[in-house]
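Thanks for asking me to look this one over with you. Here are a few points to read with the model open beside you.

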2 protein chains.
Amino acid sequence: MESNKENNHLTADIREAGRAARALSSSSAEKRNDLLRRIRDGLFADAHGIFEANRRDMSAAETEGETSSLMKRLVFDRCKLDAVQDGLVAVEALPDPIGTVEERRLLDDGLVLEKVRFPLGVIGMIFEARPDALVQIVSLCIKSGNGIVLKGGREALETNKALVASIRSSCASHPLGSGWMVHLESRGDVDFILGMDKDIDLLIPRGSNSFVQHVMSNTRIPVLGHADGICAIYVDKDADVTMAVRLAVDSKTQYPAACNSIETLLVHQAIAPVFLPEAAAALEGNGVKLKGDEATCRIIAVEKASPQDYDTEFISLTLAVKVVESYEEAVEHIAEHGSGHTDCIVTENEGLARRFMRDVDSSDVFWNCSTRFADGFRFGLGAEVGISTGKIHARGPVGLDGLVNGRWLLKGQGHVVSDYSGASPRKFKHQELPADSPSMAAEN
Amino acid sequence: MESNKENNHLTADIREAGRAARALSSSSAEKRNDLLRRIRDGLFADAHGIFEANRRDMSAAETEGETSSLMKRLVFDRCKLDAVQDGLVAVEALPDPIGTVEERRLLDDGLVLEKVRFPLGVIGMIFEARPDALVQIVSLCIKSGNGIVLKGGREALETNKALVASIRSSCASHPLGSGWMVHLESRGDVDFILGMDKDIDLLIPRGSNSFVQHVMSNTRIPVLGHADGICAIYVDKDADVTMAVRLAVDSKTQYPAACNSIETLLVHQAIAPVFLPEAAAALEGNGVKLKGDEATCRIIAVEKASPQDYDTEFISLTLAVKVVESYEEAVEHIAEHGSGHTDCIVTENEGLARRFMRDVDSSDVFWNCSTRFADGFRFGLGAEVGISTGKIHARGPVGLDGLVNGRWLLKGQGHVVSDYSGASPRKFKHQELPADSPSMAAEN
């Protein structure tokens, strides 16, 4: 009974977020930026209370013996606040993602078609115990005119509640209000919203593979994200060995827990006898544990890999090595065992590199550079909402662009379709027009 | 047991389609166009057998007492063959959708990023009993480098089998073969493939609302399409009454069974006394049955509408009319009861029309023209794979563009991320570059 009551309340709040988001969506960029500035000022004014809430989360986490990497993400101090405020300034400075004209076409005299970018509606975002992420996500949704349903990691609950309270009070006196934001406080709420496919337009779950899988299997709402990050480097027979070693080390060790770190090293048989000993020395020197197939083990003394090792996201300093007989075998291995995230070829053969970029259907396909570059900030997207390994909507690192989509506007002067059918139908002109002026939906 | 055997067979065929599609995807436009030409010649050569198969379908449909509109779609004669062949020529003439550079950015010296369009992989397409649609769908998938799993309406099975046999034999001697195509012959096969989310990248179901709902509820594969088509015209107080009547008649009667026909007519109270009598005369003169709310019934003598009438896709000559007190009420009604397909405002007030285009979050939002224009051909997209009412990937009429998506290519010279972190990190340049030259993945 209690749970139903709460759910009714949640349903109402999320529907209200949809309505409030429509107001955000049709408001000017200036008004949305004004909201961002108010939030920034509010966080500054409310800093004391937010830090205090964070200290409660931190000491609870310490008591529970959480890892130091979790504690590092969880802390919200003056330094994190500064970064969050810089982030708000940066998002404010990004170009308005709403209203961009993607296409403009004259269908016939007086009948003009435009494809114009608008927000998606309401985004459901479930993310790790990182309070700074909450502010970033809120800022991206305001900027893109979307409503947001937020659920942060449970370890950050007190901090998140303080942040949400601050944001709400900053927006209270603004005409756009804060109804576009709903904060979920329990995992049960997350399971409940998975059924709200009429009211939530996109889910972006971040977190463990099993959690993302759980979300994907239990909702009709489109999901943007990635479960696995099984990335590979293929060292071609025409690779520069020194470069290949350097790229393998960076791609594996620069941040082993990241989804864009490699789990698999594929090596062409012709270069393996030269490359593998050098690579093993450098990787093992950086603490990497190698596991290899039979051909690898004939060249370097490493543990024998099991077949499952090539389907495993180690998220640690373990790397599965495999010697391949050909380029084709490498591409086939990536298609079979990779997760479509980020894969790289190391070669001096330009024709082959170009072919690899066509043949490998991953979100990011790289040539002679570290897989660790697969990231919204490094790509220059301004901000990142997540990384998608799906094939539709947005692939790879997703910035503000992934929170908007083109819809069609058509302006006529009383045009009817019956004039274009029947005995002597009018013909369409279908003439492309320049798309660089404001859309027909812009305020005039 | 037998069913499992078949399913194993189907699984293998669909995986093979994925592999064959990768070859399609990385082949040149010329080779894909060559395949289209061979299919065209083959259909011409095999016409006799195809017509014979169609006569079997037609006489079975006649025996079963199918409707004349089904029979019209089902027939495949010389005239349909001519149209199909023209269609193949038209698809051949479309620009290559693969390899378009959407963005190009210099991340740092020697480190260049591109976002380039590539096929999605394998498309599952379930469509009505229209044999000509089979050829069109196959041609669009070849052109866009996607594998295709096809299931046509059961009434067209013999014709479809003959078409598929002809297409397969035309492609047999071509290096790209015909493994990218899988033809399903039973509804059970459709239910089976709904579970193949690792091997099928997008489903496009066309057909009844309940069938599309069934697909959406029973798969993790992304679905592009629409269940309902509840479209509305809002006649504003500043509408040109003659134009509004003309648009209502065309939008309702030009093809009442189409998803872009209107089911709802919203009328501002200030114009209702003038507009409704004229509209009723014109609509009823065209065989339309009107149902109205109380305010409507006070002005014209029509049947009282039930609340459900405003949530119903009549797909027939019934139209629900409602008098609204304000623009806001009209927008709210569309948000609440519409299906996000196509909605139109009739007004001479430009500022209000612009606002409507921002406020109404439907795939197609029109001003002073018939909702029946919401169609890929009329929009000038060349060909249409379906109409989507989803918010992500592609909205509204979807052409070849919806069968490709941008993925990220990055070319370096041994660049590693560790140089961009730590004590004195290198800074990214993030400099936009012109995107009008061929991508780094193009054959050189």
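In which sense, right-handed or left-handed, does α6(B) cross α7(B)? The crossing of α6(B) past α7(B) is right-handed. Please keep in mind throughout that this is a predicted model.

1. Let us stay with that pair in chain B. Helix α6 of chain B covers residues 131-144 and helix α7 of chain B covers residues 157-171; their axes come within 9 Å and cross at roughly 30°. Angles under 35 degrees count as roughly parallel, so α6(B) is roughly parallel to α7(B). On the α6(B) side you will find B:Pro131, B:Leu134, B:Val135 and B:Val138, which meet B:Thr159, B:Asn160, B:Leu163, B:Val164 and B:Ile167 of α7(B). Sorted by class, the contact of α6(B) with α7(B) holds 7 nonpolar and 2 polar residues, with no charged ones.

2. Now turn to chain A, where helix α3 (residues 47-63) packs with helix α7 (residues 157-171) at an angle of about 165°, the axes being 7 Å apart. That angle makes α3(A) roughly antiparallel to α7(A). The crossing of α3(A) past α7(A) is right-handed. From α3(A), the contact takes in A:Gly49, A:Ile50, A:Ala53, A:Asn54, A:Arg56 and A:Asp57, and from α7(A) it takes in A:Leu157, A:Glu158, A:Thr159, A:Ala162, A:Leu163 and A:Ser166. The contact of α3(A) with α7(A) counts 5 nonpolar, 4 polar and 3 charged residues.

3. Another helix pair in chain A is worth a visit. Helix α2 (residues 29-45) and helix α5 (residues 78-93) of chain A have axes that come within 9 Å and cross at roughly 170°. The two helices α2(A) and α5(A) are therefore roughly antiparallel to each other. Residues of α2(A) that meet α5(A) include A:Leu36, A:Ile39, A:Leu43 and A:Phe44, while the α5(A) side includes A:Leu81, A:Val84, A:Leu88 and A:Val91. Charged residues take part too, among them A:Arg37 and A:Arg40 in α2(A) and A:Arg78 and A:Glu92 in α5(A). The class count for the contact of α2(A) with α5(A) is 9 nonpolar, 2 polar and 4 charged residues.

4. Next, step back to the whole of chain A. Its domain assignment gives domain 1 as 2-217 and domain 2 as 231-374. The C-alpha centres of domain 1 and domain 2 of chain A lie 37 Å apart.

5. Finally, how are chain A and chain B related by rotation? Chain A superposes on chain B by a rotation of 180° with 0.0 Å of shift along its axis, at an RMSD of 0.0 Å. This is the relation of a two-fold axis. To find the axis, look for A:His393, whose C-alpha lies 1.8 Å from it, the closest of the residues of chain A. The copies meet through the same surface, because 100% of the interface residues of chain A are also interface residues in chain B.

How values were computed: Residues are numbered from 1 along each chain as its sequence is written. Chains are lettered from A and ligands numbered from 1 in the order in which they are written. This is a predicted model: local features need pLDDT of at least 70, side-chain atom pairs count only at pLDDT 80 or more; totals for chains, interfaces and linings use all residues. Side-chain values use heavy atoms; hydrogens and water are left out. Axes are lines fitted to C-alpha atoms, for helices over the stretch in contact, and angles run from 0 to 180 degrees between N-to-C directions. Helices (H or I, at least four residues) and strands (E, at least two) are DSSP runs, numbered from the N terminus. Angles under 35 degrees count as roughly parallel, over 145 as roughly antiparallel, 65 to 115 as roughly perpendicular and the rest as oblique. Contact means heavy atoms within 4.5 Å. Domain bounds come from an automatic or database domain assignment. A crossing is left-handed if the near helix is turned anticlockwise from the far one by less than a right angle, and right-handed if clockwise. Copies are superposed by least squares on the C-alpha atoms of residues with pLDDT of at least 70 in both.
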